[in-house]
Amino acid sequence: MALALRAPPRFQPLPAPIPTSTASIALAARLSSSSSGHAVVCSSAASPFTEATSSSRYRRDAWSYAAADGDSPSSAPAAAAAAASGRRDDEIALQLPELRKLLEALRASRGRGPEMEGGGGGGPGRVALVGTGPGDPELLTLKAVRAIEAADLVLYDRLVSNDVLDLVGESARLLYVGKTAGYHSRTQEEIHELLLSFAEAGANVVRLKGGDPLVFGRGGEEMDFLQQQGIRVEVIPGITSASGIAAELGIPLTHRGVATSVRFLTGHSRNGGPDPLYVAENAADPDTTLVVYMGLSTLPSLAPKLMKHGLPPDTPAVAVERGTTPQQRMVFSMLKDLVNEVKSADLVSPTLIIIGKVVALSPFWVDSSTQDALNIQNSHAIEAKRFFFSEVKCWSGH
């Protein structure tokens, strides 16, 4: 098993202290080993992503919780409490008055009253579906940065990192519409209506999505809905997690003579439950790299199915939490041990899983023969140290 902070590809197999590299990742770390012999580094740093009860999110979105008359200050603490208890309806109710006021202000500034929706007054605004990549703001495209900086209103998901949100202009309004297991701040239909309402009012709307908008991001649904309503939609692609995280770990998703194709799979079941949405026999092809998005909860079901369909139990695999961010943690393991190793490491969402022979090409991977040699080397070093101190003790007469 191996967990590591984000760093240049560098494996540290022996149980030696891990030095801190920068102030951003200066934290207490502990190093241990497991049956697979991989190193473990655990981080206590906060997630770089927006969460349902994030205090920074409520500070950013404070405008949307103001009282209906506009004279009272924001009620962010009440909204945070509503979110923490799962009372989505309460949170939305707190936002509705200010959302209506913002719509009216946008219409007025563009000469469009409610009765003019659908034509005149300078025409509708536009919606840009922007992919923000796996978390590292330096992986944003130039086109994405320009769209974010020019936005009037930004609707953002949970897996949009805080560093990316810092790029939003001071005059723009931010509205959280993220989803996490057991808590949806907005239904998909409500998100559609918000995008449509603000675009019709003439706003320049940016919809921020983690990764790429059209890879397991439901961007296709939003694009289809808006286009049917006559709204111009621009899709700005982002680096999907598979590409960004694989590159970070030095894993080629395809490699001549090792993997001839790559397959992206969602680990989510459409109706919930422990089973992956779709696992076919051809997903277990040993010559294909399998990348599983959102597969943490369904991994205990997925791994046995892949082995049942013919994927060798000793297939290399890795699970990566919060990939490409300073808080990145990872677990390397053979497929047969992956479920137990991930559970032991207590990885949390967002976690990406890569399964295939290409994983062994990563500088972080240590195969069994190499690991045996490292264990023997480490054992000899420990015995030599004990012998040295015993000799010193005898020589000193104690």
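**Buried elements and aromatic pairs**

In helix α8, the residues S241, A242, G244, I245, A246, E248 and L249 are buried in this predicted model. Because seven of the nine residues of α8 (residues 241-249) are buried, the helix is largely enclosed by the rest of the structure. The cover over these buried residues includes the strands β8 (261-266), β9 (288-293), β10 (316-321), β11 and β12. Following α8 is G250, with a positive phi near 70°.

Strand β1 (residues 126-131) contains L129. The relative accessible area of L129 is 0%, and the residue is therefore buried, the cut-off being under 20%. Leaving aside residues up to four places away in sequence, L129 is in contact with R207, P213, G219, E222, M223, V233, E234, V235 and I236. For one of these contacts, V233, the separation from L129 is 104 residues in sequence, while the C-alpha to C-alpha distance is 7.3 Å.

The count of aromatic pairs is five. In the pair F332 and F364, the ring centres are 6.2 Å apart and the planes lie at 20°, so the rings are stacked, given that planes under 30 degrees apart are classed in this way. This pair links distant parts of the chain, 32 residues apart: F332 belongs to strand β11 (residues 329-334), whereas F364 is in the loop between β12 (351-355) and α11 (368-395). Both F332 and F364 are buried. A single aromatic cluster is formed by F216, F264 and Y293.

Note on methods:
Residues numbered from 1 in each chain as written. Predicted model: local features only at pLDDT ≥ 70, side-chain atom pairs only at ≥ 80, totals over all residues. Heavy atoms only, no water. Phe/Tyr/Trp six-rings, centres within 6.5 Å; stacked < 30°, edge-to-face > 60°. Helix = DSSP H or I, 4+ residues; strand = E, 2+ residues; numbered from the N terminus. Buried < 20%, exposed > 50% of the residue type's maximum accessible area, 1.4 Å probe, protein only. Contact = heavy atoms within 4.5 Å.
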